[in-house]
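Open the model in your viewer and keep the selection tool ready.

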Amino acid sequence: VLEPKYEACKYNEIEFGDFRGDRKWERVLDIPNQGIRDALQQLIVYQGDTEFASVEQQRYLVDRAPSDYDLYALMRINAEEMRHGWQMSHILVTHFGEGGRKEAMKLLERRAYEQKRLLGSFNEVMENWLDMYTYTEVIDRDGKFQLKMLSHSSFMPLAMSMNPMLKEEAF
């Protein structure tokens, strides 16, 4: 089931930077600077794009699964990645108004097989399982740390999204 999942943050206060100690921003209009709002929206767009792109990138692996367990694992990972993309889309649509809705729609329209994903590594074709294992060892580790970093976001809805995503990512 594709549904947004939120979990309470460890800290309700901003942990770093000029706004350290202030309450985390619950609404976009709570963010005191348009530049920060714009950067935050772009960060969410890129995160969502990588989640959807991961699923597209692995599309050729379904028919080439070395075992039933590998196929199960791939399907589980793809379901979780789709949900993560949905989570980022939900934040965009719920919190960023018409601009967020347009960006969420673009997340669904871009295609890796058309070389249109925002990060180039997600436009590469992955046709064999060795590529997937290698990719997972390198790129997914980076993704885990990115989610961990986003769990400290000053924007409460983004920060509240990360613990459920990290739990799923642990598989």
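Where is the place of D49? Select D49: its place is in helix α1. Helices here are DSSP runs of H or I with at least four residues, numbered from the N terminus.

Before going on, note that this is a predicted model, where local features need pLDDT of at least 70, side-chain atom pairs count only at pLDDT 80 or more, and totals for chains, interfaces and linings use all residues. Residues are numbered from 1 along each chain as its sequence is written, and side-chain values use heavy atoms, with hydrogens and water left out.

**Stop 1: around D49**

Is D49 buried or exposed? D49 counts as buried, because its relative accessibility is 2%. Buried means under 20% relative accessible area, exposed over 50%, and partly exposed in between (1.4 Å probe, protein chains only).

Show its surroundings. Leaving aside neighbours within four places in sequence, D49 is in contact (heavy atoms within 4.5 Å) with L107, R110, R117, L118 and L119.

Now look at the polar contacts. These are pairs of N or O atoms within 3.5 Å; within protein, one must be able to donate a hydrogen and the other to accept it, and residues adjacent in sequence count only if both atoms are side-chain atoms. The side chain of D49 makes one with the side chain of R117, at 2.6 Å. A polar atom of the D49 side chain also lies 2.8 Å from the backbone nitrogen of L118.

**Stop 2: salt bridges**

Side chains of opposite charge can pair when their charged atoms come close. A salt bridge here is a side-chain nitrogen of Lys or Arg within 4 Å of a carboxyl oxygen of Asp or Glu. The count comes to 13.

R110 lies in the loop between α3 (97-109) and α4 (129-150) and D49 in α1 (34-57), so the pair ties together parts 61 residues apart in sequence. Both partners, R110 and D49, are buried.

Next, select E103 and K106. Their closest N and O atoms are 3.3 Å apart, in a salt bridge. Both lie in helix α3, 3 residues apart, about one turn of the helix. K106 counts as partly exposed because its relative accessibility is 36%. E103 counts as buried, at 15%.

Then select D49, E56, R110, R111 and R117 together: salt bridges that share partners join these residues into one network.

Finish with E15 and K24. They form a salt bridge, with the closest N and O atoms 3.7 Å apart. Both E15 and K24 are buried.

Definitions and conventions. Helices (H or I, at least four residues) and strands (E, at least two) are DSSP runs, numbered from the N terminus.
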